[in-house]
Amino acid sequence: MSSTNKSWDDIQNEFADLPGKDGHIERYNAYKPFFLGMGSDVVIEPNCRFFLPDRIILEDDVRINVQGLIYGSGGLRIGRHARIGPRIFIHTANHDVNPDDPRAFFQRGYVYKAVDIGHNVLISADVKIMPGTKLGDNSFVAAGAILTGEKFPEKSYLFG
């Protein structure tokens, strides 16, 4: 926990919506102690929300645009020089939906799978990245795409 003895929720509520360059700097400094790793020159725009940041690595020069929703429960790494568009949704866990399990979905718990986003990746607006996705270096993801937990090689161009 940070030296201020504030919880992650307190810190995020205090800093998440600060505008401008000063907001970028204050967010970086306030958030860094809570993340598993945060490289230099990371910029998180306003209105992004992170859950379980202690399982998230943001490498050097990552940019995350406005209104991102990012869950770190299963582990997440975003590589150097990645650019993430507005309203990104990244999840690293999903409900256990095994059809052989007779219990109700809410009783089953979760299946955790790490997400790995390579270096120099460009992800456009409104993209959904689901548990288990591995996105190779130098890849591009077009607006509105849904990545469903597959492994995509270096220099992938993904649409739809």
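A contact means that heavy atoms lie within 4.5 Å of each other. By this definition, residues 24 or more positions apart account for 22% of the contacts in the chain with a separation of 6 or more. The model is predicted, so local features need pLDDT of at least 70 and side-chain atom pairs count only at pLDDT 80 or more, while totals for chains, interfaces and linings use all residues. Residues are numbered from 1 along each chain as its sequence is written, and side-chain values use heavy atoms, with hydrogens and water left out.

**The whole chain**

Begin by displaying the C-alpha trace, which spans about 50 × 35 × 20 Å along its principal axes. Next, colour by secondary structure: the chain has 3 helices and 19 strands. These are DSSP runs numbered from the N terminus, with helices (H or I) of at least four residues and strands (E) of at least two.

**The sheet**

Select β3, β6, β9, β14 and β17, which in that order form an open sheet of 5 strands with parallel pairing. Two strands pair if DSSP finds at least two bridges between them. At the edges stand β3 (49–51) and β17 (146–147), each with a single partner strand, so one side of each has no neighbour in the sheet. Now select residues 69–71 (β6) and 89–90 (β9), which are joined by 2 bridges. Within this pair, Ile70 has Ile90 of β9 as its bridge partner.

**A buried serine**

Move to Ser73, in the loop between β6 and β7. Is Ser73 buried or exposed? Ser73 is buried, with a relative accessible area of 14%; buried means under 20%, exposed over 50%, and partly exposed in between (1.4 Å probe, protein chains only). Leaving aside residues up to four places away in sequence, Ser73 touches Phe51, Leu52, Arg55, His91, Thr92, Ala93 and Tyr112.

**The nonpolar core**

A nonpolar core is a set of buried Ala, Val, Leu, Ile, Met, Phe, Trp, Tyr and Cys residues joined through side-chain atoms within 4.5 Å. In the largest one, of 37 residues, select Tyr31, Phe50, Leu58, Ile64, Ile78, Ile117 and Ile123, which touch the most other members. At least two residues of this core come from each of α1 (8–15), α2 (20–31), β4 (56–58), β7 (76–78) and β12 (115–117). Finally, centre on Leu58: beyond four places in sequence, the residues that Leu58 touches include Phe35, Met38, Val42, Ile64 and Ile78.
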